[in-house]
Amino acid sequence: MVPVDLHCHSNFSDGLLPPKEVARKAAERGCKLFALTDHDDTRGVALAAEEAALHGMQFLNGVEVSASWGKYTLHVVGLDVDPANPVLRAGLASVRAGRDARAQAMSDSLARVGLDNVLEGARKYAENPEMISRTHFARYLVEIGAAKDTKSVFKKFLVRGKPGYVDHEWARMHESIDWIRAAGGVAVLAHPGRYEMGNETMRVLLTEFRRLGGEAIEVVSGSHGAAEVGRFGRLAQEFGFEASCGTDYHATGEGAREPGLNPDLPIGCVPVWARWLQEAA
Ligand code: AMP
Ligand code: MN
Ligand code: MN
Ligand code: MN
């Protein structure tokens with residue numbers, strides 16, 4: 001295992017814990033380098049940084065930008081960004097601004113299958129009112145017994161072709177990369193194994209991501225099984241990307257992995273965290 005976690009969420013987006021508690025959990029598990037990467041918002045990073053400092057854990061300001069690439073929704077993690085950068089701030093604000101209308105449309109779609117007032121219920125779970133997300137919908141749908149857990153919600157609802165799904169235009173992929181780079185950060189393609197595209201399209205995506213200034217891809221991710229770690233380890237090397245790792249922790253019980261530690265990268269991958277991690281002497 002490596003004591004590095006470069007992808008985690010707090011209740012500033014769709015995680016359950018406040019930033020300090022996520023950082024503390026990671027530190028207590030032995031993490032040495034940690035990034036908080038909330039969706040489309042960096043307002044939690046200062047709190048997480050404070051907590052990390054108390055534990056002597058290195059910390060990176062991060063964000064996970066929601067992006068559109070053609071018909072696909074992708075996530076681009078920015079690591080070591082300056083949260084005060086005006087280009088990044090305005091970009092993230094513009095992405096957040098689209099979420100309310102989308103949430104209303106999702107709720108309307110669920111009402112058509114007899115699930116009423118889901119938006120109102122989901123809002124109770126969104127501690128950051130600008131960041132209403134499918135996860136908050138999922139938690140409320142579990143509350144009312146529409147599915148047994150959030151994982152099953154995402155089989156019956158909220159995904160393409162099912163009630164509660166609506167198409168949405170996020171940041172363009174090139175914008176998400178530009179904002180991250182404007183803020184001095186490294187753009188990392190998040191959990192590539194989650195995108196439902198064939199191998200040829202994936203190769204086009206990686207080529208584009210590289211050309212537009214992306215520097216790393218997540219090889220180890222809470223969303224990747226062993227086969228995906230192998231596949232994206234090979235693709236990272238072939239396309240000249242550094243490799244990142246992150247648990248994508250949201251809440252205990254909602255996914256397999258706790259924050260703070262990740263499995264090793266496949267042999268031959270260049271860890272993106274070598275840029276930051278100070279090895280103990
Ligand atoms: P949104 O940005 O509103 O589209 O919400 C995306 C979030 O929903 C992701 O970051 C995950 O936290 C969650 N999510 C999406 N798909 C799934 C899934 N299949 N299982 C569990 N959580 C999911
Ligand atoms: Mn999420
Ligand atoms: Mn994601
Ligand atoms: Mn994430």
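This is a predicted model: local features need pLDDT of at least 70, side-chain atom pairs count only at pLDDT 80 or more; totals for chains, interfaces and linings use all residues.
Select Phe34 and Phe59 to begin: Phe34 is buried, as is Phe59.

**Aromatic rings**

Keep Phe34 and Phe59 selected and show their side chains. The two form a tilted aromatic pair, with 6.1 Å from centre to centre and 35° between the planes. Now colour by secondary structure. Phe34 belongs to strand 2 (residues 33-36) and Phe59 to strand 3 (residues 58-69). The pair links distant parts of the chain, 25 residues apart. In total, the structure holds three aromatic pairs.

Next, select Phe209 and Phe241. Their ring centres are 5.8 Å apart and their planes stand at 45°, so this pair is tilted. Phe209 is found in helix 9 (residues 199-211), while Phe241 is in the loop between helix 10 (226-239) and strand 8 (242-246), so the pair ties together parts that are 32 residues apart in sequence. Both Phe209 and Phe241 are buried.

What sits over the ring of Phe241? The charged end of Arg210 does, 5.3 Å from the ring centre.

**The manganese ions**

Select the manganese ion (ligand 2) and show the side chains of Asp14, His39 and His250. These residues are the protein donors of the ion, through OD of Asp14, NE2 of His39 and NE2 of His250, and they lie 2.1 to 2.2 Å from it. Along the chain, the donors of the manganese ion (ligand 2) follow the spacing D-x24-H-x210-H.

Asp14 is in the loop between strand 1 (4-5) and helix 1 (19-28). His39 is in the loop between strand 2 and helix 2 (45-54), and the two residues are 25 residues apart. Are Asp14 and His39 buried or exposed? Asp14 is buried, and His39 is buried too.

**The nonpolar cores**

Select Leu6, Leu79, Leu205 and Trp273. They have the most contacts inside the largest nonpolar core, which has 55 residues.

Centre the view on Leu6 and show what surrounds this residue. Leaving aside residues up to four places away in sequence, Leu6 touches a set of residues including Leu33, Ala35, Leu60, Val77 and Leu79. Ser244, Cys245, Gly246, Val272 and Trp273 are also among the residues that Leu6 touches.

For the last stop, select Ala126, Phe137, Ala147 and Leu158. They are among the 19 residues of a second, separate core.

Definitions and conventions:
Residues are numbered from 1 along each chain as its sequence is written. Chains are lettered from A and ligands numbered from 1 in the order in which they are written. Side-chain values use heavy atoms; hydrogens and water are left out. Rings of Phe, Tyr and Trp (its six-membered ring) pair if their centres lie within 6.5 Å; planes under 30 degrees apart count as stacked, over 60 as edge-to-face and the rest as tilted. Helices (H or I, at least four residues) and strands (E, at least two) are DSSP runs, numbered from the N terminus. Buried means under 20% relative accessible area, exposed over 50%, partly exposed in between (1.4 Å probe, protein chains only). A charge sits over a ring if NZ of Lys or CZ of Arg is within 6 Å of the ring centre and within 35 degrees of the ring normal. Donors are N, O and S atoms within 2.8 Å of the metal (3.2 Å for Na, K and Ca); water is not among the atoms, so sites may look incomplete. A nonpolar core is a set of buried Ala, Val, Leu, Ile, Met, Phe, Trp, Tyr and Cys residues joined through side-chain atoms within 4.5 Å. Contact means heavy atoms within 4.5 Å.
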